Amino acid sequence: MKNHIYHFLLLCAAATAAFPPALQAQKKATVLDVKTDITDSNIIYPESFEADTRKMLEGWYMKNYMATDDRYRRESDTRTDDKTIRERLAKLPTVIELPYNQVVRSYIDRYTQKGREQVTVLLGLSHYYLPIFEQALEERGLPLELKYLPVIESGLDPNAVSKHGATGLWQFMIATAKGMGLEVNSLVDERRDPYLSSKKAVQYLSDLYATYGDWSLAIAAYNCGPGAVNKAIRRAGGDPKKHDFWSIYEYLTPETRGYVPMFIAANYVMNYYPQHNISPVIPTKPLITDTLQISDRVHFNQISAILDIPVDELRLLNPQFRADLIPGSEERTYTLVLPSQQVRAYLMSEDAIKAYDAEKYVRRETVEPGDAPLVAHNVVGDTPAADSNPEENALPVASASASKGVRTVTHKVKPGESLASIAETYSVTPEQIKSWNSLRRNAVRTGQLLRINTASAEGETETLTAEANVSPAGSEPTWQPAAPASSSKKSSTSKSKAKAKTPAATSHKIKSGESLSSISKKYGVSVAELKKANGMKSDNLRAGNTLKIPAKAKSSTKKSSKKRRRR
């Protein structure tokens with residue numbers, strides 16, 4: 001009996017020794033090949049998959065530089081077996097490993113089936129954005145296939161903002177962006193700058209790879225942060241240096257689990273789209289750009305008006321400027337991207353660009369209570385009705401051409417200049433300059449724009465021109481007469497003659513407790529005439545504001561006083 005048992009054990013041992021490769025293969029398939037055999041029924045698609053594709057297609061860039069192709073709509077996806085997709089991925093010339101499994105397949109199907117229109121747009125936008133990404137990656141010596149990360153991060157939309165606040169092509173959070181030296185404020189958000197954000201993203205990816213020594217882990221950490229990846233590695237156990245994304249897959253959040261598979265799927269679809277009956281929108285003309293360093297405060301409307309560039313194009317090329325304003329200064333310059341043929345035009349027209357509507361965009365550095373804005377603005381609720389008389393509702397605007405003998409110039413204050421020196425230059429008085437610009441003090445600042453009414457060479461007589469003076473918020477706009485530009489060479493006789501030819505209107509500074517009724521009685525005019533002269537819609541007054549008294553009121557007052565003297 002013992003001999004039979006002994007022989008049976010020998011046979012079992014021999015059988016086991018005869019098939020070690022099969023047993024080893026079975027063990028390998030269940031432990032080491034998780035990256036190819038892994039499945040996951042809880043697939044989460046990123047926000048970039050839900051992008052408004054139609055809006056992207058209708059964007060300025062797509063309309064002006066691309067011709068759409070509707071092959072993606074006319075022809076359906078060709079069903080491709082797993083073996084073919086695995087072989088195609090293996091043929092891609094990449095440093096980063098691109099394994100195939102059912103999770104990767106789910107994302108590929110999402111692109112090639114439900115996301116066909118989106119892929120068309122992504123391919124069109126890639127003509128402009130991918131060279132920017134490649135240049136940044138090449139400078140750091142990183143794998144060029146990382147250029148497809150923004151495809152899954154933002155759908156190649158520089159203005160994309162996630163529900164968590166991540167922004168831009170590379171989806172930086174504010175804290176991360178500022179920690180890497182990107183500027184983020186109300187006027188500038190460099191997370192949206194394709195060039196600057198790409199450089200910082202590549203720097204961040206380089207640091208992550210130096211930490212993990214594995215690209216799958218570095219890519220995962222880019223999505224969820226190194227802390228989450230480190231936690232997953234600790235939970236997985238074993239030697240931390242021997243882990244990759246797939247070995248810690250089950251210990252990551254559902255959102256991060258799909259990140260590397262999405263990256264693989266993006267690499268696949270951006271290279272093999274023709275095999276799935278998808279055609280990119282075709283560039284109809286090249287968009288070649290160049291850059292300028294801007295050290296002045298310039299608005300897109302100023303550039304658009306002088307160079308005849310659509311504002312939408314400026315926004316497309318410079319999405320980092322959130323308010324269409326470049327807040328340049330001597331201390332801080334900003335990069336402006338323009339079509340290359342327009343760069344020289346900008347340099348030649350720089351003064352004209354800065355001067356165009358300069359008063360509208362100037363930023364006041366100091367202001368006193370009661371100071372009026374340099375330019376009148378529309379008040380909400382005061383828009384004239386469609387059937388009203390536009391001449392009655394229009395605000396009076398000062399015009400040099402409308403005043404014979406007087407022209408209005410804009411003077412930019414230079415370093416060392418004072419109100420007195422500027423007044424001497426234009427043969428006017430400091431008080432006149434203060435009146436024309438609603439200044440309460442004698443101080444001026446370098447770069448400040450001043451309106452100067454100076455005598456024209458065409459006429460000898462002096463003429464009064466109306467300058468806008470907007471009252472503080474909540475009160476009615478008022479209009480003050482601008483004093484004429486006087487010349488020291490003119491005699492007092494000529495001045496009196498000129499004033500006699502053009503009677504000046506009277507202005508009244510409102511005191512506390514005064515009403516339209518009391519002021520109208522004081523000057524012998526009706527309340528209606530006062531309201532009409534000042535463009536007022538209500539009877540409300542504010543102490544400190546200035547009312548324009550019609551010129552005829554002044555003359556009527558003089559006549560009545562003469563009559564009293566005759567008596």
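Reader: Why is D109 counted as buried?
Author: The relative accessibility of D109 is 17%, and buried means under 20% relative accessible area, exposed over 50%, and partly exposed in between (1.4 Å probe, protein chains only), so D109 counts as buried. This is a predicted model, in which local features need pLDDT of at least 70 and side-chain atom pairs count only at pLDDT 80 or more, while totals for chains, interfaces and linings use all residues. Residues are numbered from 1 along each chain as its sequence is written, and side-chain values use heavy atoms, with hydrogens and water left out.

Reader: Where does D109 lie, and what is D109 in contact with beyond its neighbours within four places in sequence?
Author: D109 belongs to helix α8, residues 102–114; helices (H or I, at least four residues) and strands (E, at least two) are DSSP runs, numbered from the N terminus. With those sequence neighbours left aside, R79 and K114 are in contact with D109, contact meaning heavy atoms within 4.5 Å.

Reader: What makes S206 count as buried, and which residues is S206 in contact with?
Author: S206, which is found in helix α12 (residues 194–212), has a relative accessibility of 19%, and S206 therefore falls in the buried class. Apart from neighbours within four places in sequence, S206 is in contact with R140 and L142.

Reader: How do you know whether K241 is buried or exposed?
Author: K241 has a relative accessible area of 79%, so K241 is exposed. K241 is found in the loop between α14 and α15 (254–257), and its C-alpha lies 9.1 Å from that of D214, although the two are 27 residues apart in sequence.

Reader: Which class does D290 fall into, and why?
Author: D290, a residue of strand β3, has 39% relative accessibility, and therefore counts as partly exposed. Not counting residues up to four places away in sequence, D290 touches L336, V337, L338, S340 and V343.

Reader: What makes the buried residues of α19 line one face of the helix?
Author: In helix α19 (residues 340–348) the buried residues are Q342, V343 and Y346. Seen down the axis of α19, these buried residues fall within an arc of 120°, so they line one face; the arc is that of the directions from the helix axis to the C-beta atoms. Turned away from that buried side are the exposed residues Q341, R344 and M348. What the buried residues of α19 pack against is β3 (289–294), β4 (297–299), α17 (300–307), β6 (334–339) and α20 (350–355).

Reader: How do you know that the buried residues of α26 line one face?
Author: Helix α26 (residues 516–523) has L516, I519, S520 and Y523 buried. Seen down the axis of α26, the buried residues fall within an arc of 100°, so they line one face of the helix. On the other side of α26, K521 and K522 are exposed. An α-helix has 3.6 residues a turn, so residues three or four places apart point the same way. Just after α26, G524 takes a positive phi of about 70°.

Reader: Why is α26 called roughly perpendicular to α27?
Author: α26 packs with helix α27 (residues 527–534) at an angle of about 100°, their axes being 9 Å apart. Angles under 35 degrees count as roughly parallel, over 145 as roughly antiparallel, 65 to 115 as roughly perpendicular and the rest as oblique, so α26 is roughly perpendicular to α27. Here axes are lines fitted to C-alpha atoms, for helices over the stretch in contact, and angles run from 0 to 180 degrees between N-to-C directions. From α26, L516, S517, I519 and S520 meet V527, L530 and K531 of α27, and the residues of this contact divide into 4 nonpolar, 2 polar and 1 charged. (Ala, Val, Leu, Ile, Met, Phe, Trp, Tyr, Cys and Pro count as nonpolar, Asp, Glu, Lys and Arg as charged, and the others, Gly among them, as polar.)

Reader: What makes α13 oblique to α14?
Author: Helix α13 (residues 215–224) and helix α14 (residues 226–236) pack at about 125°, with their axes 7 Å apart, and that angle makes α13 oblique to α14. L217, A220, A221 and C224 of α13 make the contact with P226, A228, V229 and I233 of α14; by class, the contact has 8 nonpolar, no polar and no charged residues.

Reader: How many helices and strands does the chain have, and what share of its residues is buried?
Author: The chain has 28 helices and 12 strands, and 43% of its 567 residues are buried. Of the contacts with a separation of 6 or more, 68% join residues 24 or more positions apart.
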